[in-house]
Amino acid sequence: MAEASAVAPNADLLEWPKKDNRRFLHVVYRVGDLDRTIAFYTECFGMKLLRKRDVPEEKYSNAFLGFGPETSNFVVELTYNYGVSSYDIGTGFGHFAISTQDVSKLVETVRAKGGNVSREPGPVKGGGSVIAFVKDPDGYTFELIQRGPTPEPFCQVMLRVGDLDRAIKFYEKALGMRLLRKIERPEYKYTIGMMGYAEEYESIVLELTYNYDVTEYTKGNAYAQIAIGTDDVYKSGEVIKIVNQELGGKITREAGPLPGLGTKIVSFLDPDGWKTVLVDNKDFLKELE
């Protein structure tokens with residue numbers, strides 16, 4: 001009886017991520033020149049500068065950019081650390097993706113602004129989608145995907161993982177995501193899992209890529225984390241701990257308010273070392289007021 005009663009609370013708790021009000025909020029990464037990157041994203045990609053803040057006592061600045069307001073859209077949070085002009089992106093980070101109705105036109109805009117086009121527009125190998133790849137001034141890769149109108153043009157964050165089945169299970173159990181589709185490409189020796197909270201063509205997705213026989217990647221110091229909203233960081237943190245014990249990863253900041261800001265968060269690493277921060281939904285909206 002004692003064992004049964006011990007199992008039941010965990011089983012109930014593990015249902016929480018599926019019931020929680022979760023949404024991708026933003027992705028955080030570091031850049032060497034904040035104004036230069038803001039200009040590139042606004043002039044080339046058509047993003048809008050949503051807010052900017054300077055924290056001189058901590059020697060850094062942030063800028064938030066996206067295709068819509070932070071209350072409804074996924075955005076980028078760029079971090080500039082005083083005096084640091086470059087970062088190591090590492091081998092694990094893959095790319096971001098932006099959907100557009102005309103890939104060729106967007107590529108020409110990027111080229112005209114001095115951007116680096118690493119793959120010219122054309123159909124994806126083994127498929128019919130038209131894509132291109134470009135790089136921003138810091139070397140981050142952006143996949144441009146030709147699609148119809150969407151409420152969320154900023155549509156993918158791609159990360160490489162060492163065990164795809166384990167990663168899929170982790171994001172399902174710890175974060176309540178759904179596996180939207182799995183793409184097997186044995187001829188190119190990789191498999192992809194698309195994870196998210198809504199359909200792929202309507203919202204942002206996490207693209208997890210497994211390259212055959214590659215189990216570890218370097219993280220570098222450029223890419224930081226993804227932030228996701230939750231209604232209860234404390235309950236969410238307890239779920240993470242249970243899943244960490246089963247699949248790996250660890251809590252990096254216990255659930256609670258941030259000093260000076262008051263916003264409640266919990267942060268953790270997945271089994272591959274990728275960081276996620278869960279942010280209290282109400283506190284996040286207060287930050288935007």
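Contact is taken here to mean heavy atoms within 4.5 Å. The model is predicted; local features need pLDDT of at least 70, side-chain atom pairs count only at pLDDT 80 or more, and totals for chains, interfaces and linings use all residues. Residues are numbered from 1 along each chain as its sequence is written, and side-chain values use heavy atoms, with hydrogens and water left out.

The protein chain has seven helices and 16 strands. These elements are DSSP runs numbered from the N terminus (helices H or I, at least four residues; strands E, at least two). The C-alpha trace spans about 70 × 50 × 35 Å along its principal axes. The radius of gyration of the protein chain is 19 Å, which agrees with the value near 19 Å for a compact globule of 289 residues. This radius is taken over C-alpha atoms, and the globule rule is 2.2 Å times the number of residues to the power 0.38. Of contacts between residues at least 6 apart in sequence, 62% join residues at least 24 apart.

Buried residues account for 49% of the 289 residues. Buried means under 20% relative accessible area, exposed over 50%, and partly exposed in between (1.4 Å probe, protein chains only). The protein chain exposes about 13,500 Å², and carbon and sulfur atoms supply 49% of that area. Accessible areas come from the Shrake-Rupley method with a 1.4 Å probe; for residues, only the protein chains shown count as cover.

An unreviewed UniProt entry places the feature "binding site" at Glu77, His95 and Glu143. UniProt positions follow the numbering used here, feature names are shortened, and annotations may be inferred rather than shown by experiment. His95 is found in strand S5 (residues 93-100). His95 counts as buried because its relative accessibility is 5%. Beyond neighbours within four places in sequence, His95 contacts Phe133, Thr141, Glu143, Gln156, Val157, Met158 and Glu207. The side chains of His95 and Gln156 are joined by a polar contact of 3.4 Å. A polar contact is a pair of N or O atoms within 3.5 Å; within protein, one must be able to donate a hydrogen and the other to accept it, and residues adjacent in sequence count only if both atoms are side-chain atoms.

Glu143 lies in strand S8 (residues 141-146). Its relative accessible area is 9%, so Glu143 is buried. With neighbours within four places in sequence set aside, Glu143 is in contact with His95, Phe96, Ala97, Ile98, Ile131, Ala132, Phe133 and Gln156.
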